[in-house]
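Dear colleague,

Please find below the structure that I am handing over to you. My notes on it follow, arranged by helix.

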Amino acid sequence: MSTGFTIALVALALAIHIMITLAMNQALEDKGYRRGRVRGIGLVLCALCGFCGCLYVAALPDIILQETARKALKGPGGNR
């Protein structure tokens, strides 16, 4: 392999890695992690560890869904 081809492969792999990290960043926002330590840990793990970071983000609970379910269980009458 030539040096130029190797550099192109490394650049492609880096670009894909950055795209996956940005997608995981969006997933964190969609789950309700707008800021804080959990989001920082998730982004660092995605950036440094790749697949392990993606698993971490996927395993995080969805805060928005939990709040919606909690409100639905309370019902229109408030606390029961």
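This is a predicted model: local features need pLDDT of at least 70, side-chain atom pairs count only at pLDDT 80 or more; totals for chains, interfaces and linings use all residues.

The crossing in which α1 passes α2 is right-handed.

On the α1 side, the contact is formed by H17, T21, M24, N25, L28 and E29. Their partners in α2 are R39, G42, L43, C46 and A47. Sorted by class, the residues of this contact comprise five nonpolar, four polar and two charged. As a general point, an α-helix has 3.6 residues a turn, so residues three or four places apart point the same way.

Helix α2 also packs against helix α3 (residues 51–59), at an angle of about 150 degrees and with the axes 6 Å apart. This angle makes α2 roughly antiparallel to α3. From α2, the residues involved are V38, I41, G42, L45, C46 and C49. From α3, they are F51, C52, G53, C54, Y56 and V57. The contact of α2 with α3 has 10 nonpolar residues, two polar ones and no charged ones.

Helix α4 covers residues 63–74, which is 12 residues. From its first C-alpha to its last, α4 reaches 17 Å, close to the 16 Å expected at 1.5 Å a residue. At the start of α4, D62 places a side-chain oxygen within 3.2 Å of the backbone nitrogen of I64. Just after α4 comes G75, with a positive phi of about 80 degrees.

With kind regards

Definitions and conventions. Residues are numbered from 1 along each chain as its sequence is written. Side-chain values use heavy atoms; hydrogens and water are left out. Helices (H or I, at least four residues) and strands (E, at least two) are DSSP runs, numbered from the N terminus. The expected span of a helix is 1.5 Å times one less than its number of residues. A polar contact is a pair of N or O atoms within 3.5 Å; within protein, one must be able to donate a hydrogen and the other to accept it, and residues adjacent in sequence count only if both atoms are side-chain atoms. A crossing is left-handed if the near helix is turned anticlockwise from the far one by less than a right angle, and right-handed if clockwise. Contact means heavy atoms within 4.5 Å. Ala, Val, Leu, Ile, Met, Phe, Trp, Tyr, Cys and Pro count as nonpolar, Asp, Glu, Lys and Arg as charged, and the others, Gly among them, as polar. Axes are lines fitted to C-alpha atoms, for helices over the stretch in contact, and angles run from 0 to 180 degrees between N-to-C directions. Angles under 35 degrees count as roughly parallel, over 145 as roughly antiparallel, 65 to 115 as roughly perpendicular and the rest as oblique.
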